[in-house]
Amino acid sequence: DAQESRGLGDVYKRQVIVRSTSDIGQMRRTLLAAGVPVHINPTDVVLAEQRLVSAVLLALRALEEELSNSELEELLTGPVGGADPVTLRRLIRGLRRWDSTTRGIDSLRGLLYGELPDFNGQLTEREYSILERVRAVLSAGREALTSGASVEEILWAVWSATDLDNRLQASALRGGATGSQADRDLDAMMALFDAAGDYVERRPDSSLLSLIHISEPTRLLSI
């Protein structure tokens with residue numbers, strides 16, 4: 001539903017129909033760019049397709065499984081890692097200089113946990129901060145996992161460690177297209193927590209991987 005204000009506060013609701021869910025994002029961006037507030041039918045949005053939710057689920061999966069090279073890069077360049085592609089390439093090149101016997105991406109994988117070594121000035125402050133950021137998120141999740149925490153508690157530990165909640169709330173308060181996206185991101189995370197809570201309630205002994213798998217077809221309850 002697209003809501004368009006005209007005259008002195010008169011509001012008209014228009015429905016916009018797209019051929020597939022893959023078209024929703026582009027249509028929404030086009031309408032927002034034109035200054036038209038947009039409300040998306042919650043049944044039209046797949047939870048795991050939301051970029052922030054997908055990034056958090058990827059971080060959760062990294063606690064249980066080894067990510068592929070492309071998935072690891074996605075984790076670092078997504079909302080969890082916060083790196084842009086150029087910074088990521090520089091980080092990998094810096095790790096290659098630090099250990100010339102190992103591929104940079106493999107060195108990166110081995111540095112996700114444990115003590116960080118002395119890089120002998122091969123990493124810039126920005127590159128080092130990206131590495132520390134991802135390590136902090138995974139460390140929080142791993143600590144919760146090894147302590148026997150519930151799936152919901154592990155999710156909360158990972159989400160809290162990203163520190164994205166405060167940033168998104170600040171963006172949402174500023175309004176505009178960025179604020180609207182921040183609202184959607186926060187709603188998506190709330191829906192993920194709702195799904196996790198419901199799942200744990202039905203299956204108290206459920207595993208972390210099972211939550212990730214059932215999240216694929218889950219649809220947002222409210223946006």
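Student: Which residues are linked in a network of salt bridges?
Tutor: Arg-61, Glu-65 and Glu-71. A salt bridge here is a side-chain nitrogen of Lys or Arg within 4 Å of a carboxyl oxygen of Asp or Glu. This is a predicted model, where local features need pLDDT of at least 70 and side-chain atom pairs count only at pLDDT 80 or more, while totals for chains, interfaces and linings use all residues. Residues are numbered from 1 along each chain as its sequence is written, and side-chain values use heavy atoms, with hydrogens and water left out.

Student: How far apart are the closest N and O atoms of Arg-61 and Glu-71?
Tutor: They are 2.6 Å apart. Arg-61 lies in helix α2 and Glu-71 in helix α3, so the pair ties together parts that are 10 residues apart in sequence. Helices are DSSP runs of H or I with at least four residues, numbered from the N terminus.

Student: And the closest N and O atoms of Glu-65 and Arg-61?
Tutor: Those are separated by 3.3 Å.

Student: Is Arg-61 buried or exposed?
Tutor: Buried, with a relative accessible area of 18%. Buried means under 20% relative accessible area, exposed over 50%, and partly exposed in between, using a 1.4 Å probe and protein chains only. Glu-71 is partly exposed at 21%, and Glu-65 is partly exposed at 31%.

Student: How many salt bridges does a search of the whole structure find?
Tutor: It finds 3. One of them joins the side chains of Arg-103 and Asp-106, at 3.1 Å from N to O.

Student: Back to α3. Which residues are buried there?
Tutor: In α3, residues 69–77, Leu-72, Leu-75 and Leu-76 are buried. Seen down the axis, the buried residues fall within an arc of 95 degrees, so they line one face of the helix. That arc is taken over the directions from the helix axis to the C-beta atoms.

Student: What do the buried residues of α3 pack against?
Tutor: They pack against α2, α4, α5 (104–110) and α6, with contact meaning heavy atoms within 4.5 Å.

Student: What about Ala-62, which residues does it touch?
Tutor: Not counting residues up to four places away in sequence, Ala-62 touches Leu-67, Tyr-113, Leu-138 and Arg-142. Ala-62 is in helix α2, residues 51–64, and is buried at 13% relative accessibility.

Student: Which residues meet between α4 and α6?
Tutor: Thr-87, Arg-90 and Leu-91 in α4 meet Arg-126, Glu-127 and Ile-130 in α6.

Methods:
Helix = DSSP H or I, 4+ residues; strand = E, 2+ residues; numbered from the N terminus.
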